[in-house]
Amino acid sequence: MKKKEFWSNLSWVLNEQRYESMEDFMIPSDIPTFLLYNTNDLCLNEEQFNALMESIGSTEKFYIAQNDSEEIYEFDLPMSYNDYQSLNLFSITYLASNKFDWLVIIDENLESGMGILAAKDEIIDNFMSRYESAIHDIQNLIAFHYRDASRNPYSMDNLIKILSLWHGKSIK
């Protein structure tokens, strides 16, 4: 798949834009999303990855792309976490299904990285039912920005921007 085709298929969420950091993202408010924090740099952490794999099923393929690479990698599901983590990812990373009905964006701009899952409500619900650390992660995201505010005057503004990307249901 060519990179232009990849971006075009994700125009429902990305408006065919490339972003340089999480604070730049502009996802339409009618698209359900969920914030993922802490990621493992430019990879999901193991619990996040396993919850995503369980949520999307194992019969499809998915793609991984990066801002600073022209290659689009295609993988069959299921994929092991070790295989996923062994990829040499080096810039903002995008994981998307071959149906382009879900997208994960990961940026390492915070202490270990964060991401956004954008998908239909059903996929978000399936993910949240399998991802037990969801509320803990959001608490850690807020705590990180609160601690960071003493040295970074824009930290709270960045937190507000990041939290504005969360569209959907509350955590139970």
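Let me start with a term: a residue counts as buried when its relative accessible area is under 20%. Keep that cut-off in mind. The model I'm showing is predicted.

First, the overall picture. The protein has seven helices and six strands. Along the sequence, the order is α-α-β-α-β-β-α-β-β-β-α-α-α. Look at contacts with a separation of 6 or more: 67% of them join residues 24 or more positions apart.

On to the aromatics. The structure holds 15 aromatic pairs. Take Phe6 and Tyr63. Their ring centres are 6.4 Å apart with the planes at 85°, so this pair is edge-to-face. Phe6 sits in helix α1, Tyr63 in strand β2, and 57 residues separate them. Where does Phe6 stand on the buried scale? Its relative accessible area is 0%, under the 20% cut-off, so Phe6 is buried. Tyr63, at 9%, is buried too.

A second pair is Tyr37 with Phe144. The centres are again 6.4 Å apart, but the planes are at 45°, so this one is tilted. Tyr37 is in strand β1 and Phe144 in helix α6, so the pair ties together parts 107 residues apart in sequence. Both Tyr37 and Phe144 are buried.

Last point: ring pairs link Phe6, Trp7, Tyr63, Tyr94 and Phe100 into a cluster.

Technical notes: Residues numbered from 1 in each chain as written. Predicted model: local features only at pLDDT ≥ 70, side-chain atom pairs only at ≥ 80, totals over all residues. Heavy atoms only, no water. Helix = DSSP H or I, 4+ residues; strand = E, 2+ residues; numbered from the N terminus. Contact = heavy atoms within 4.5 Å. Phe/Tyr/Trp six-rings, centres within 6.5 Å; stacked < 30°, edge-to-face > 60°. Buried < 20%, exposed > 50% of the residue type's maximum accessible area, 1.4 Å probe, protein only.
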